[in-house]
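Colleague: I am new to this structure. Please show it to me, and then I will ask about some of the labels.

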Amino acid sequence: DPGDWVGIGFGSDMNDNDMFYVTGGNFHDAHANGNTTPNDDADQSDCIFTDLSGGSYEIQRPLVCSDSTDGEITIGSGIQMSWA
């Protein structure tokens, strides 16, 4: 349906966290500012989205991104994933 989307964020909620979402079959590297559709990052090249076929996808994200809104992921500190 138009306007439908699914997203995954790197944080405990959708407030001020890095995330990505897919809508209409298109992948978006984004930043969440609250419980609304996230805003796309200026640099869409940080994350790599690969369609593996059959409804399976792979997303790669560096630990340190070039966007200032994307937080660094520290190895061994653990992260929380939030599903929208």
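**Labels and their cut-offs**

Modeller: D46 is buried but has no salt bridge, and R61, the nearest side chain of opposite charge, is 7.1 Å away. The model is predicted, so local features need pLDDT of at least 70 and side-chain atom pairs count only at pLDDT 80 or more, while totals for chains, interfaces and linings use all residues. Residues are numbered from 1 along each chain as its sequence is written, and side-chain values use heavy atoms, with hydrogens and water left out.

Colleague: Why is D46 said to have no salt bridge?

Modeller: A salt bridge needs a side-chain nitrogen of Lys or Arg within 4 Å of a carboxyl oxygen of Asp or Glu.

Colleague: What does D46 touch?

Modeller: Leaving aside neighbours within four places in sequence, D46 is in contact (heavy atoms within 4.5 Å) with D29, Q60, R61, P62, C65, S66, D67 and D70.

Colleague: Why does H31 count as buried?

Modeller: Buried means under 20% relative accessible area, exposed over 50% and partly exposed in between, using a 1.4 Å probe and protein chains only. H31 has 8% relative accessibility, so H31 is buried.

Colleague: What makes I8, F10, F20, F27, C47 and I73 a nonpolar core?

Modeller: A nonpolar core is a set of buried Ala, Val, Leu, Ile, Met, Phe, Trp, Tyr and Cys residues joined through side-chain atoms within 4.5 Å. These six residues make up the largest such core. A second, separate core has five residues, including M19, Y21, A30 and A32.

Conventions
Lys, Arg positive; Asp, Glu negative; His and termini not counted.
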